[in-house]
Each structure stands twice: as structure tokens, then as C-alpha cells.
Amino acid sequence: MSNRILYLDVECSAAVVYAWSLFKTTIPVQQIITPARILCFSAKWHGQKKMLTYSEWGDGRQAMLQALHDLLDEAEVIVTYNGKRFDIPWIKG
């Protein structure tokens with residue numbers, strides 16, 4: 001029996017912040033106007049042709065996040081391009 005392998009990519013928005021400089025700066029939490037968030041994701045099961053895509057604008061935020069949760073719950077293995085440093089921390093956040 002083979003593992004249930006999910007290929008996954010998450011896309012996020014930029015944070016909107018007040019900043020006093022365009023160069024190396026630290027931005028305190030109090031200066032965040034709109035925090036960054038997951039906007040959409042695409043996923044595909046290994047061995048299937050159908051690409052699954054969910055977005056905030058197409059499915060609504062709650063439905064998109066629920067679909068992401070359901071897919072991850074079903075997957076035994078998750079394959080990403082930069083998941084360790086980007087996708088997985090965003091999903092956990």
C-alpha cells in the first residue's frame with residue numbers, strides 16, 4: 001500500500017506597515033496596519049491529474065482554511081518546494 005502524498009504550495013499577502021525607513025529597519029508589532037495572511041493555496045494528490053485550488057476571494061477565508069486543514073489531515077506525506085521555512089510555518093501560524 002502506498003502513502004497518500006500531497007503536493008502543496010501556499011501563497012501569502014504582504015503585511016501593510018508604517019515604516020520610518022526604506023532601509024534596514026525593525027518594525028514593531030504596533031506599526032502593523034494589516035498583518036500578512038494566507039491568500040490561497042494549490043494542492044495535488046500524487047498520481048492524480050486534478051489540481052485543487054482554493055482562495056480567499058473564490059471560496060471565502062474559512063472555507064479555504066478548512067479545505068487546507070482537511071487535505072493536510074488526510075495526507076501521510078506532504079511535498080513542498082520551501083515548506084520547512086515558508087509553507088508549513090504559515091500553515092501552523
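User: Okay, V16 to start: how accessible is V16, as a relative value?

Analyst: Quick caveat: this is a predicted model, so local features need pLDDT of at least 70, side-chain atom pairs count only at pLDDT 80 or more, and totals for chains, interfaces and linings use all residues. Residues are numbered from 1 along each chain as its sequence is written, and side-chain values use heavy atoms, with hydrogens and water left out. Buried means under 20% relative accessible area, exposed over 50% and partly exposed in between, with a 1.4 Å probe and protein chains only. V16 therefore counts as partly exposed, at 41%.

User: Which strand holds V16, and which residues make the nonpolar surface patch?

Analyst: Helices (H or I, at least four residues) and strands (E, at least two) are DSSP runs numbered from the N terminus, and V16 sits in strand β2, residues 16-17. Patch members have over 30% relative accessible area and no salt bridge; nonpolar side chains (Val, Leu, Ile, Met, Phe, Trp, Tyr) are joined within 5 Å, like charges within 9 Å. Areas come from the Shrake-Rupley method with a 1.4 Å probe, and for residues only the protein chains shown count as cover. The patch covers about 300 Å² and is made by V16, Y18 and I33.

User: What's the angle between the planes of F41 and Y54?

Analyst: Rings of Phe, Tyr and Trp (its six-membered ring) pair if their centres lie within 6.5 Å; planes under 30 degrees apart are stacked, over 60 edge-to-face, and the rest tilted. F41 is in β4 (residues 38-45) and Y54 in β5 (residues 52-55), so the pair ties together parts 13 residues apart in sequence. F41 is buried at 1%, while Y54 is partly exposed at 26%. The pair is stacked, 5.3 Å centre to centre, and the planes are at 20 degrees.

User: Which residue does R4 form a salt bridge with?

Analyst: A salt bridge here is a side-chain nitrogen of Lys or Arg within 4 Å of a carboxyl oxygen of Asp or Glu. R4 also lies over the face of W45, 3.8 Å from the ring centre; that label needs NZ of Lys or CZ of Arg within 6 Å of the centre and within 35 degrees of the ring normal. R4's closest N and O atoms are 2.7 Å apart in its salt bridge, and the partner is E74.

User: Which residues are joined into one salt-bridge network?

Analyst: R37 and E56 meet at 2.9 Å, N to O, and E56 also bridges to R61, at 2.9 Å. E56 counts as buried at 19%, whereas R61 is partly exposed at 33%. Shared partners make one network of R37, E56 and R61.
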